Amino acid sequence: MKLKPYLVLLSVTLAITVASCAPQKDHQTDKAKTETTPSEHTSGMEAMDARGDKVMGFDHLKTTHHFRLFPNGGAIEVEANDPKDSVSRDQIIWHLGHITNMFAAGDFNAPMLIHGQTPSGVPTMQRLKDEIKYQFEETERGGHVLMSTSNPEGLAAIHKFLRFQIKEHQTGDTTEVIQQF
């Protein structure tokens, strides 16, 4: 049974339903109503975190994300904050293993759902999926997904994707290329 068309239809239906239920906005254009305030950004971050918790299957408050840029690609790292938190660790392991397979197939629906937009670099990563290698490795408190390629366009796309993640998740990780661990 093919579920992908059904899932696309379900996603579109859900998006239309959500949009039609959203409160109507006042279209006045005075400057005070169009500027973004810190509390609006915070609520946007909170919304992203809530979507992330659902999509990833673990609580962002109990875990730590890091995104690393390497000369040949990069890494997504997630670990449970508490070394005794085996529930979060197991959920991280499941999620990272799952997205490794999804990304290798060119499926980036998880980050799109979390961020509510297509992350930078994704269209190129999808197009070059056969030239990018994804490898999951388990760690003591979670794991990481290593992404690598010898294709310069693919490498630039991976770095764009990881820089997007650093900015969106506000991890404070460097956006510069570092040596692989």
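The questions and answers below concern a predicted model of a protein chain.

Colleague: Which pattern does the protein chain follow when read along the sequence?

Modeller: The protein chain contains seven helices and four strands. Read along the sequence, these elements follow the pattern α-α-α-β-β-α-α-α-β-β-α.

Colleague: Does Phe103 count as buried or exposed?

Modeller: A residue counts as buried when its relative accessible area is under 20%. Because the relative accessible area of Phe103 is 2%, this residue is buried.

Colleague: How many residues apart in sequence are the parts that the pair of Phe103 and Phe161 ties together?

Modeller: The rings of Phe103 and Phe161 form an edge-to-face aromatic pair, with 5.9 Å from centre to centre and 90 degrees between the planes. Phe103 lies in helix H4, which covers residues 86–104, whereas Phe161 lies in helix H7, which covers residues 152–169, so the pair ties together parts whose separation in sequence is 58 residues.

Colleague: What do ring pairs link Phe103, Phe108, Tyr134 and Phe161 into?

Modeller: Phe161, which counts as buried at 1% relative accessibility, also forms an edge-to-face pair with Phe108, at 6.0 Å centre to centre and 75 degrees between the planes. Phe108 sits in the loop between H4 and helix H5, and this pair links distant parts of the chain, 53 residues apart. Together with Phe103 and Tyr134, these residues are linked by ring pairs into a cluster.

Colleague: What is the length of the polar contact that joins the side chains of His144 and Glu137?

Modeller: His144 has its place in strand E4, residues 142–149, and counts as buried at 8% relative accessibility. The side chain of His144 is joined to that of Glu137 by a polar contact of 2.8 Å.

Technical notes: Residues numbered from 1 in each chain as written. Predicted model: local features only at pLDDT ≥ 70, side-chain atom pairs only at ≥ 80, totals over all residues. Heavy atoms only, no water. Helix = DSSP H or I, 4+ residues; strand = E, 2+ residues; numbered from the N terminus. Buried < 20%, exposed > 50% of the residue type's maximum accessible area, 1.4 Å probe, protein only. Polar contact = N/O pair within 3.5 Å; in protein donor to acceptor, adjacent residues only side chain to side chain. Phe/Tyr/Trp six-rings, centres within 6.5 Å; stacked < 30°, edge-to-face > 60°.
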